[in-house]
Amino acid sequence: MNDKIDAVITWVDGDDPRHKAKRQQFGTQRMFAEEHVAGDTRFSSLGEIFYCVASINRFAPWINKIYIVTDEQNPNLEPFLEQHFPQGYIPIEIVDHKTIFRGYEHYLPTFNSISIESMTWRIPGLSEKFVEFNDDLILGAPVMPSDLFSERGAVCYATRKSYLLTAFTRLFKYRRDGSKSVSYKQTMLNAADIAGNHRFFLKMDHTPKGLSRSFYEEFFSRHTEVLERNISHRFRHASQFNPQELQYLSLYMAGRCELRPVKGNLFYLKPKKGIDYIAKKLALFSRNKECKFGCFNSLDMASREGQTMIVEWIKERIGLSD
């Protein structure tokens with residue numbers, strides 16, 4: 001457990017006019033109308049990246065380096081970190097999509113988190129063990145390497161679910177135009193297909209993921225066509241697989257992955273719900289001082305009052321003063 005461990009955060013400022021123009025150039029109105037494909041909320045940024053990085057510095061200072069993967073953008077975190085961590089903070093490196101898509105630049109620009117996460121292992125200099133975050137994730141309590149990597153190998157916060165039962169229910173999940181819907185669960189089923197397991201899959205939750213760089217390198221070097229199919233979609237597509245699920249499920253089948261319960265380890269909030277829901281959830285989270293992981297999904301969809309409540313709660317949790 002003395003190995004260096006880096007963090008990788010995928011981030012985009014979807015309100016940047018240049019990025020909006022790119023999306024308009026390559027997307028269609030039908031895509032933009034689908035929240036889980038190319039809706040604005042998939043790209044919106046309200047400063048979540050600042051709290052994500054601050055929480056890593058506060059609760060996982062053993063992280064070696066933080067790589068922020070983005071598309072010709074820079075969140076300019078240094079002044080914020082110098083203010084709140086004057087004694088020093090974890091080094092940050094900005095990694096452009098062109099770097100991880102080297103050799104596959106014809107699939108750029110991409111606006112697809114699945115495609116991007118299929119390529120983060122190609123960051124130059126990335127540690128063998130790394131922790132992958134979305135920018136809407138935070139750490140909510142001290143986290144140790146053993147919370148993400150075990151002596152057996154990987155640690156996955158998930159539950160085993162029946163492949164057949166889940167696939168059957170998915171048969172009825174179609175969009176109004178008759179095309180197949182895109183969902184987080186479907187991408188996990190697709191990964192199980194590739195792993196050759198039609199008995200069960202691991203239903204992952206929205207936590208940071210402790211991953212192995214060499215797993216991806218070895219698997220995709222043997223199955224380049226699988227990688228290329230997954231990164232060929234500029235926007236999310238129902239045929240894509242979740243690369244994290246592929247890694248965890250493959251390792252679990254080989255006895256190299258430990259499952260741990262999500263309950264008690266994650267606070268998950270859906271900000272688009274009403275203010276009463278937000279207040280009750282935050283009060284519940286506050287009582288659980290040991291909860292290690294937090295996810296504030298689609299913060300932009302909360303009311304202004306709800307956003308303020310959530311941000312103030314996060315700042316208090318990770319010890320940020322104004």
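Modeller: In this predicted model, His97 belongs to helix H5, which covers residues 97–100. The relative accessible area of His97 is 6%, so this residue counts as buried, the cut-off being under 20%. Apart from neighbours within four places in sequence, the residues in contact with His97 are Val69, Thr70, Asp71, Leu108, Thr110 and Ile116.

On the H7 side, Tyr163, Thr166, Ala167 and Arg170 take part, and they meet Lys185, Gln186, Leu189, Ala192 and Asp193 of H8. Sorted by class, this contact of H7 with H8 holds four nonpolar, two polar and three charged residues.

The other pair is formed by helix H12 (residues 275–287) and helix H13 (residues 304–317), whose axes come within 10 Å and cross at roughly 10°. Because angles under 35 degrees count as roughly parallel, H12 and H13 are described as roughly parallel to each other. From H12, the residues Ile275, Ile278, Ala279, Leu282, Phe285 and Ser286 meet Glu305, Gly306, Met309, Ile310, Trp313 and Arg317 of H13. By class, the contact of H12 with H13 consists of eight nonpolar, two polar and two charged residues.

Key: Residues numbered from 1 in each chain as written. Predicted model: local features only at pLDDT ≥ 70, side-chain atom pairs only at ≥ 80, totals over all residues. Heavy atoms only, no water. Helix = DSSP H or I, 4+ residues; strand = E, 2+ residues; numbered from the N terminus. Buried < 20%, exposed > 50% of the residue type's maximum accessible area, 1.4 Å probe, protein only. Contact = heavy atoms within 4.5 Å. Nonpolar A, V, L, I, M, F, W, Y, C, P; charged D, E, K, R; others polar. Axes fitted to C-alpha atoms, helices over the stretch in contact; angles between N-to-C directions. Parallel < 35°, antiparallel > 145°, perpendicular 65-115°, else oblique.
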